[in-house]
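Reader: Hey, could you walk me through this structure? I'd like to go through it piece by piece.
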Amino acid sequence: MAQLGKGKLNYRCPSCFMRDLDIDMFYNKDTGIYSCIRCQYRGTEKEVLEFNELVRIRYGAMHKRFDKFDFD
Amino acid sequence: MSGGVDMGEGKDYNHNRATDCATAVARVRDQLTDRDKEQFMDKFILNVIHRPEMVPEYSATVTGQGKEEDIGDKVLIGESLDIFKTQQRLAHENGLKVTIQMTYASLFNDEAVEIAKHDHDEFGDEIALSLLGLPCEQFREKYKTKDFCIWMFSMEDKKKIVRDVFGKFRERFGFYPESTGSYYMDADLINFIKAEYPMVKCAVATCWEEGPKAYHTCNNSWYTLFDGGPWAPWIPSKQNTHAPAANREEDSGIVAIPHLSRDLIACYDGNGSNFGTHPQNVLRGMIYDTKTWEFPYLYNLIDQYRDLEKYNNGYAYNMMFVGPGWMNKAGRWEQPYELLYKSYSDGCKYYGDLKKQGKLIDMTMSEFADHYREKKGVNGGNYNEPECALWRDILYGSDKQLFWYCDPYMRACVNMDQGGAIVDLRPYAAKLEWPVGIGTKHVQDASYPFLIQEKYRAGYFTHYAGAGTVRSAKLKYKGEEVDLCLTPTHAHFSEEEINGKKNRIITLDPVTIEFRDLTLKLQTKEYFEEGSSNIRIERNILEMSDPSAEVIIDEYMTACYGTTEYPEDMTGITLKAVGDSTESIDYEYRCRDAKVENVKEVSATIPAIETFVSMTTDAAAAGYIEEGYAFSPMFKLGITKKISDKEVFSTWLNLAKAN
């Protein structure tokens, strides 16, 4: 198998991110697959980006602009 | 050259310090309009800090991956300086002045020094000195180590490095700096700096809640454990940086500011490095729209900090400090350089626009130190004005709300989503001396210990058996039991003078408790009396479906001590109940308990953190103490009483230093 390196951007493992872990993934230029060296996640760039959108689900108010910060 | 104070060899500093303070205040005021002068004491204050870091953090592990380490890499140094210049330009374009924290490495770089001098003259930037950014060829050669966190060196090395770095600074600029900082500054380090360089009046001294959660997020490779400190500026005590000074004798002589202003819910619950006034941290948290590159969360965060002036006599504060490693041309994680740049540019613009609208005053660190001492009443001798924050969720879409309180005697977090339970408690009253660094018992762990911490020691909910740390109450009626942790509500803040003492009060919206045969409405009020080291919790029975019913209320505190997720040895703790009789338990994990009638006090003495905690009441009630066991290494203090309709029942939680 080919030696792993870095891709064009330094993607983190989306699966680990969901459990509050920032782990860089490494890239196999022969297969186009990013893989996590801590957990079992692997995916193409497209799959990583799609997973990253899922990660954002927990931020239910991410797009909201607040103008009131109390409950008075 | 001005911007600092030439102290010669550091002599006659008392006179110079007083003169210097007055000069700095005058300098700020001279730059204000008349309208601003009227409102000078009621504004949102901003500190923007930049550091020219010749070898940015992450350069080896992120951008330099796959390359052999070269700490003197000229290309890397050039890029780092370019980032610093970009940051300076963005701040100045938006009318913001900056505190330039020169790093040791940058003091060897003529261009970095010239930029600092120029921007001081042109924009009024303060030239300060950071104890971050030590790594460079000169440092490695001299100290023969890859350590770079000043608080983790031995005390002997701390002294050597401080003298070296401050000396080098004076050599380059002709004066000593008034501001310094690092991610953390332990008390011994601050005391040493203040003794040697008394003109230092401000320091970045902690990152809020950067403890086990940050360590975990970095795959257990980020050895910065300093939970338990203030989230907003404070005056560190000489004994412990995290614990604010209670009086002039304890005053370390500096005003400390936190590294970033952080989300008081998101950072308490998760990784601190995603939720602060650091635009690229927000990107790190993936809190932006990938199509539009917009991130309203950052502005919500800034605006919520602005809103805190309601709870702090018209004072609110923000700090933005982005190291150059976060604006790397190669991008950072998922974010390309263009997005990193946009985020910093937008962040500066948001602050700059607030300034143009007259809603913000930008200060340098040393200017802020003078302002803070005046605003908080310290110059008048009052060290007890607390910092308060009634904070709501602005990210996850819930309506959860916390109240954070910090004064020289405690830091407490009240969770309205759990009926006003205290879910985090740091007993600053103990002013625990806790040396850190090589050669001490705490090489890395600089956290101030907790008595209660719901994330590290459960809280209301535990798995299978045992109890978690929390200060709450249970209501019992005909065999049924309801814990107020299960009654989510919201709170409102007020200030009131009671018996001649200022109280900060949170009044919770009433909650309804439903038993099989009885419904009652209860309201909780929590009183934080200024300078008292106690919290009064008042329960008010507003109505009962059966006005003749009697309900038992059990006010309790389950606690332990620690700084991390893992249990500590509880032996040595003594529990005591004093009432009609006196009962005592020396902790041996034997699950014992004791009860007294007509309780005067139930207490725990915890020698390991030199802390005495007690609960008291002014009502006729019973008190109890409970020892834990190996699977549940806690202790419990409680006061119980029968209460009926319209009755008000108060208990106090008291903190003191254990002798």
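Author: Here is a short tour of contacts, sheets, helix pairs and domains.

Reader: What should I know about the model and the numbering before we start?
Author: It's a predicted model: local features need pLDDT of at least 70, side-chain atom pairs count only at pLDDT 80 or more, and totals for chains, interfaces and linings use all residues. Residues are numbered from 1 along each chain as its sequence is written, with chains lettered from A and ligands numbered from 1 in the order in which they are written.

Reader: Switching to sheets: in what order do the three strands of the open sheet in chain B come?
Author: The order is 4-5-6, with parallel pairing. Strands pair if DSSP finds at least two bridges between them.

Reader: Why is one side of strand 4 and of strand 6 of chain B left without a neighbour?
Author: Strand 4 (179–181) and strand 6 (255–258) of chain B are at the edges and have a single partner strand each, so one side of each has no neighbour in the sheet. Strand 5 (residues 202–206) of chain B runs parallel to strand 6 of chain B, joined to it by four bridges. Within that pair, Ala203(B) has Ala256(B) as its bridge partner.

Reader: And chain A, is the pairing in its 1-2-3 sheet parallel or antiparallel?
Author: Antiparallel, in an open sheet of three strands. Strand 1 (25–28) and strand 3 (42–43) of chain A are the edge strands. Strand 2 (residues 33–36) of chain A pairs with strand 3 of chain A over two bridges, and Tyr34(A) has Gly43(A) as its bridge partner.

Reader: Helices now. How do helix 7 and helix 8 of chain B pack?
Author: Helix 7 (residues 155–173) and helix 8 (residues 187–196) of chain B pack at about 40°, with axes 11 Å apart. Axes are lines fitted to C-alpha atoms, for helices over the stretch in contact, and angles run from 0 to 180 degrees between N-to-C directions. The two helices are therefore oblique to each other; under 35 degrees counts as roughly parallel, over 145 as roughly antiparallel, 65 to 115 as roughly perpendicular and the rest as oblique.

Reader: Which residues of helix 7 of chain B meet helix 8 of chain B?
Author: Met155(B), Lys158(B), Lys159(B) and Val162(B), and they meet Asp188(B), Leu189(B), Phe192(B) and Ile193(B).

Reader: Last one, what are the domains of chain B?
Author: Domain 1 (13–379) and domain 2 (401–657), with bounds from an automatic or database domain assignment. Their centres, taken over C-alpha atoms, are separated by 36 Å.

Methods. Contact = placed C-beta atoms within 7 Å.
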